[in-house]
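Here are my notes for a first look at this entry. Please keep the structure open while reading.

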Amino acid sequence: MSSSISPIMSVPAAAAGELHPAVGLGTGAPALPSTSSPVGRHVLAELGGIAPEVLDDCDRLRSDLTAALTEAGAQVRQVVVERFEPQGATVVAVLAESHASIHTWPEHGGMHVDVFTCGESADPVDAVRRLAERVGATDTALQVVDRGGAPRTVTEPISPGLTRRWDLGRVHHVAHTGFQHVVVADTAHGVTLFCDDERQSTEHTQLTYHEALVWPGALLARELDRVLIVGSSEGVASEMAVAAGASRVDHVDIDAEAVRICAEYLPYGYTPECLAAAERGDGPVHLTYGDGRQFVLESDEHWDLVVVDLPDERPDEPDAQINRLYEEDFVRACAQRLTPGGVLVFQAGSPAVWRDATLRSAWQRFAAVFGETGGRGVYIGCEEHEWAFLAGVREPMDDPGAVAAGRLASMPSQPELWDATALRHRLVAPLSLRRLTD
């Protein structure tokens, strides 16, 4: 998945300390921070169970913090202490490596600690633990935030109030492309693509995702000769459409750098050689870098299958540019570019009841657009529960699952994760969606 419309504004030119994108393919080292970028760890801790008299003793606090930092390898340059009435204190240490501070609450028996160090000479975690021992803390809670350098974690927003943290192994590439922040790194799911901190695809699950995106729509189309793919920067959807029988695939993506990063660093989808051929139009896949919405609106071509594969719609960000590709007028424009038996497929969000708002909206949108032609929207379930897909057919179709299952045996190749039984079952919409339009 990748953004396929122009952003409101581009990312400003990189400055010292920012992440610098590599230029072109095959440049060697990934685009990690320049050598001038500071790299460090920031520890945020809460220490509890401390005697109140310790927390109100400024001389001891100064001495204990200085000793803990020094023993952990830091160079303490100066310390400032401020005592408050009726109780409590703040101690701030300026380090050669950065800084440290403590804020005490004697009435609660605790302190908050903040230690940030750059480089390798000082260990901020060790400093906090040594401080905890010195002040007699019985409870210690801390978190470590990486500052600068290759990221070690990605915190992915899931829904309001809920995030998921991905621990990263080897980081293959980091870049600001001008449209999005791209990270390719090893995770528990294999090589993984993140765009703006959202997981887009992974080595271990991408086939589950991409087959649900492409194959049901390909099977519902009366013919499968010409295909349009909007977004889907990895290139898997384009190659899968060719395998399903398309003689020409038009692939449109606005973010050339993201597409090239995917080809260079992901073990699935385009290889650099296949991508170069697609950029030249040398073969069945013809790649155009541009605004996907504009491409559709200005085209007079017709396709048997149109696939729109983008990051999730963002209803909580009404001005987000990505939303323009989910609006009803764009769905209608795509429908008008279909051949009479053609099919439109959208990535439509999650079916989970606690985050299905975008799926419900898209379902109603498809019902409105395709109901005008006598057709309908078709739900496509996916074992990768993060996502579901919607297909739009222009003509009446009482049992889409049976239609797709009946055509499966005649295809020039077969999907790995779909059979006739799966098609009959997974193309049935959840009752909650059917109630919206029945």
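1. Confidence. This is a predicted model. Its mean pLDDT is 91, and 91% of the residues reach 70 or more. One stretch needs care: over residues 5-31, pLDDT stays under 50. The model still has 62 contacts beyond four places in sequence for residues 5-31. Where pLDDT is low, the predicted coordinates should not be read in detail.

2. Overall build. The protein has 13 helices and 19 strands. Its C-alpha trace spans about 85 × 50 × 35 Å along the principal axes. Of the 438 residues, 52% are buried. Take the contacts between residues at least 6 apart in sequence: 64% of them join residues at least 24 apart.

3. Surface. The protein exposes about 19,000 Å². Carbon and sulfur atoms supply 50% of that area.

4. Strand β7 covers residues 153-159, and strand β8 covers residues 162-167. The two pair in the antiparallel sense, over six bridges. Within this pairing, Thr155 stands opposite Arg165 in β8. Two residues lie between the strands of the hairpin. Gly161 sits in the turn and has a positive phi of about 85°.

5. Trp354 lies in the loop between β17 (338-347) and α10 (357-371).

Definitions and conventions. Residues numbered from 1 in each chain as written. Predicted model: local features only at pLDDT ≥ 70, side-chain atom pairs only at ≥ 80, totals over all residues. Heavy atoms only, no water. Pairing = 2+ DSSP bridges. Helix = DSSP H or I, 4+ residues; strand = E, 2+ residues; numbered from the N terminus. pLDDT = per-residue confidence, 0-100. Contact = heavy atoms within 4.5 Å. Buried < 20%, exposed > 50% of the residue type's maximum accessible area, 1.4 Å probe, protein only. Areas by Shrake-Rupley, 256 points an atom, 1.4 Å probe, with all protein chains shown as cover.
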